[in-house]
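Here are my notes on the model, as numbered points. Please read them with the structure open.

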Amino acid sequence: MSTAQPTVAMDADEQLESPTTAKDADEHRTSPTVAMDADEHRTSITEATRMSNDFVAAQRTSNKDDEWKPQVGLLFNTLEEAWKLWNGYGGKNGFNVRKQYFNKNKDGMILTTRYVCSKEGIRKPDKRDCLTTNHRLETRTNCPARIGLKYMKEIGKYQIHDVVDEHNHYLHLPETTHMLKSQRKLSQVQAQEIDLADDSVIKQRAVFELMSRQVGGRESLGYTRLDQKNYLRGKRLRNMAYGEAGSLLRHFQQKHIENPSFYHGVQLDVDEQITNIFWADARMIMDYEYFGDVVSLDTTYRKHLPQ
């Protein structure tokens, strides 16, 4: 006959009523370590931002970073050198930069200035906000990152006297720093190539793709398609600074310089306003001798229709 072993029953009772087990359970429910882990899990946004920025900075770590890092006591012959250092440092670390203020003496010489992160400060309230339908996104976070410079009269150089290298916002990754406004610049050589392509009636998109491949990618080009479009637009506006009539006459004069056989004439009215313009080049003159045709352009067409 088989019966349950008392030893097994005793082990089961000890497992259910053991004071050691109950004590461990109470300690597990009231353990301060568990509460501490819960607090650490609720990391603040500021701490997460700092950790993210440290990760981005770690991707840029190299032995030459100290050469580009602003430090108190650095001397510069000109403010342009200091700005170049700050701008390059911002590009290497993934933040946009700008100039905050400067103080001059009575002779117009800058004595003190400060360069900051573009997210420095906060947007001031505008009394017209109640009339605004589409509000602009807030881009400033009152970031404290900055460097301050002062002019050392004894040595005739500018010196860094204040450096703050802490940001309260996320930094850009190295793959996107070329999109920052302070890192984009259209060089004179690139502008000449864009002008040449525009004169050859090549589409802007094709020009941008070609120049991107020449330098190994868009991140190495130094400007965006929007910068290229704005450059051409500004160029056309500058060419129209003399007005339509003045621009046309300048164009005719340039044609006459390039080709002495080019001829143009202007007829004015009593108010000295242009009423008629005539022009002809060498080919047009030869065509007229063969065919005797003249093309007339009426700029007032359909403008004086009866009401």
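1. Thr 112 stands opposite Lys 150, a residue of β4. This is a predicted model, and the pair belongs to the contact between strand β3 (residues 110–117) and strand β4 (residues 146–152). The two strands run antiparallel and are joined by 5 bridges.

2. On to the next pairing of β4. Strand β5 (residues 157–164) is joined to β4 by 7 bridges, again with the strands antiparallel. Within this pairing, Leu 149 faces Ile 160 of β5 as its opposite number. The hairpin made by β4 and β5 has 4 residues between the strands. Gly 156, in this hairpin, has a positive phi near 70 degrees.

3. Leu 75 has Gln 159 of β5 as its bridge partner.

4. The aromatic residues deserve a separate look. The whole structure contains 9 aromatic pairs. In one of them, the ring centres of Tyr 89 and Phe 95 lie 6.0 Å apart with the planes at 75 degrees, so this pair is edge-to-face; the cut-off for that class is over 60 degrees. Both Tyr 89 and Phe 95 are buried. Ring pairs also bring in Trp 86, giving a cluster of Trp 86, Tyr 89 and Phe 95.

5. A charge also sits over a ring. Lys 99 places its charged end over the ring of Trp 83, at 5.1 Å from the ring centre.

6. Last, the surface. Val 266, Leu 268 and Ile 274 make up a nonpolar surface patch, and their accessible area together is about 230 Å². Leu 268 lies in strand β6 (residues 263–268). Is Leu 268 buried, partly exposed or exposed? Its relative accessibility is 47%, so Leu 268 counts as partly exposed; the class of exposed residues begins over 50%.

Methods. Residues are numbered from 1 along each chain as its sequence is written. This is a predicted model: local features need pLDDT of at least 70, side-chain atom pairs count only at pLDDT 80 or more; totals for chains, interfaces and linings use all residues. Side-chain values use heavy atoms; hydrogens and water are left out. Patches are made of residues with over 30% relative accessible area and no salt bridge: like charges are joined within 9 Å, nonpolar side chains (Val, Leu, Ile, Met, Phe, Trp, Tyr) within 5 Å. Accessible areas come from the Shrake-Rupley method with a 1.4 Å probe; for residues, only the protein chains shown count as cover. A salt bridge is a side-chain nitrogen of Lys or Arg within 4 Å of a carboxyl oxygen of Asp or Glu. Buried means under 20% relative accessible area, exposed over 50%, partly exposed in between (1.4 Å probe, protein chains only). Two strands pair if DSSP finds at least two bridges between them. Rings of Phe, Tyr and Trp (its six-membered ring) pair if their centres lie within 6.5 Å; planes under 30 degrees apart count as stacked, over 60 as edge-to-face and the rest as tilted. A charge sits over a ring if NZ of Lys or CZ of Arg is within 6 Å of the ring centre and within 35 degrees of the ring normal.
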